[in-house]
Amino acid sequence: MARNIIIDTDPGQDDAVAILLALACPELNVLGITCVAGNVPLTLTSKNALQICELAGRPDVPVHAGCDRPLGRELVTAEHVHGSTGLDGATLPDPKMKLQEKHGVDFIIKSLRDGPEKTITLCPLGPLTNIATAIKQAPDIKQRIAQIVLMGGAYFEVGNITPAAEFNIFVDPEAAKLVFNSGIDLVIAPLDVTHKALTSKKWITELRNQNNPVCEAVAGWTDFFERFDSEKYGSSGAPLHDPCVIAYLIAPELFSGRRINVEIETKSELTRGMTVADWWGVTDRPSNALFLGDINADGYFSLLTKHLAKL
Ligand code: BDR
Ligand code: CA
């Protein structure tokens with residue numbers, strides 16, 4: 001039976017690829033998409049999610065707008081990475097689909113309460129504001145979530161938005177702290193793993209050779225964000241972060257990691273949003289997450305091409 005998931009997202013080109021991958025996988029049943037402010041403001045992340053569903057030929061997927069700012073801080077966005085639309089690199093038509101009326105947080109709570117226990121996996125790909133708000137409003141859902149598999153954090157790779165912090169956790173560290181301390185079964189795809197999932201000219205060419213509009217859009221997006229990341233990291237490709245979450249769900253054998261304790265720094269301005277990961281087990285703090293550290297990158301990109309080409 002297909003695994004039920006809710007994708008919580010701030011598209012973002014890499015979020016878009018993650019959503020497309022999920023929609024292409026028969027092993028996954030996307031119950032809905034909830035949008036959050038992150039890479040760009042909420043109005044844009046919501047519009048982008050609609051455009052992505054239409055690109056995939058899936059106007060039936062319910063898309064909900066969620067929180068428009070972090071729990072207790074000003075929103076920080078990342079247009080310098082993703083462009084002013086969040087999806088620069090491929091031009092998609094304005095969406096015909098409409099957003100659902102229900103707030104994203106209410107959709108998460110209702111879906112979890114209505115379905116049988118532990119049958120829905122949450123897949124956060126942006127700041128954790130919607131997830132934390134849902135848990136705050138309805139603590140009973142903690143017992144009902146099958147698993148949370150998220151992209152966020154960094155340890156050996158340290159930060160990408162500050163020297164200490166990864167973007168998703170930095171934007172809303174209080175939300176991250178709440179989720180990381182919730183007792184819910186967590187799998188984390190941090191920069192340590194996504195920085196090993198580097199795009200390449202070969203992969204972009206392979207996508208273009210598929211002659212399909214989805215692969216063409218993904219190639220355009222990849223071309224766009226590769227420029228920024230190659231300059232920043234001096235690498236020939238760019239990390240394709242968020243699809244790691246979806247790839248983990250369908251092919252966990254591509255990944256390895258350790259079950260460890262991960263705490264979030266919220267007080268220090270210098271290290272705000274740092275994921276303090278006890279990789280070496282030097283404390284007696286109990287483990288709260290499977291923290292991924294390695295990926296079979298060739299397997300990951302083959303999986304992406306295989307599925308995206310079907311859309
Ligand atoms: C994360 O931040 C965003 O820019 C990407 O979409 C990804 O979720 C990487 O730090
Ligand atoms: Ca994202």
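This is a predicted model: local features need pLDDT of at least 70, side-chain atom pairs count only at pLDDT 80 or more; totals for chains, interfaces and linings use all residues.
Gly 12 sits in the loop between β1 (3-9) and α1.

Lys 118 lies between α4 (104-114) and β4 (120-124). Phi of Lys 118 is near 55 degrees. That is a positive value, and Lys 118 is a residue other than glycine.

Now turn to the sheet. Strands of a sheet pair through backbone hydrogen bonds, and the pairing is either parallel or antiparallel. Here eight strands form an open sheet with mixed pairing. Read across, the order is β3-β2-β1-β4-β5-β6-β10-β7. Which strands stand at the edges? They are β3 (63-65) and β7 (255-260). Each has a single partner strand, so one side of each is left without a neighbour in the sheet. From one strand to the next, the twist averages 25 degrees.

β7 and strand β10 (residues 289-295) run antiparallel. Six bridges join them. Within this pairing, Phe 255 stands opposite Ile 295 in β10.

Next come two helices. α1 packs with helix α11 (residues 243-250) at an angle of about 25 degrees. Their axes are 7 Å apart. Angles under 35 degrees count as roughly parallel, so α1 is roughly parallel to α11. Which residues of α1 meet α11? Asp 14, Val 17, Ala 18, Leu 21 and Ala 22 do. On the α11 side they meet Pro 243, Ile 246 and Ala 247. Seven residues of this contact are nonpolar, none is polar and one is charged.

Rolling a probe the size of a water molecule over the atoms shows where empty space is left. The largest pocket holds about 310 Å³ of space. It is lined by 23 residues. Closest to its centre are Val 81, His 82, Asn 160, Phe 167 and His 241. By type, the lining divides into 10 nonpolar, six polar and seven charged residues.

α1 (13-24), α3 (79-82), α6 (167-171) and α10 (213-233) each supply at least two of its residues. Which element gives the largest share? It is α10, with five residues.

Note on methods
Residues are numbered from 1 along each chain as its sequence is written. Chains are lettered from A and ligands numbered from 1 in the order in which they are written. Side-chain values use heavy atoms; hydrogens and water are left out. On a 1 Å grid over the protein atoms alone, a cavity is a set of points where a 1.4 Å probe fits but cannot get out, and a pocket is an open set with protein on both sides within 12 Å along at least five of seven lines; lining residues have an atom within 4 Å of a point. Grid points are joined across faces, edges and corners, and a volume is the space filled by probe spheres set on the points. Helices (H or I, at least four residues) and strands (E, at least two) are DSSP runs, numbered from the N terminus. Ala, Val, Leu, Ile, Met, Phe, Trp, Tyr, Cys and Pro count as nonpolar, Asp, Glu, Lys and Arg as charged, and the others, Gly among them, as polar. Axes are lines fitted to C-alpha atoms, for helices over the stretch in contact, and angles run from 0 to 180 degrees between N-to-C directions. Angles under 35 degrees count as roughly parallel, over 145 as roughly antiparallel, 65 to 115 as roughly perpendicular and the rest as oblique. Contact means heavy atoms within 4.5 Å. Two strands pair if DSSP finds at least two bridges between them.
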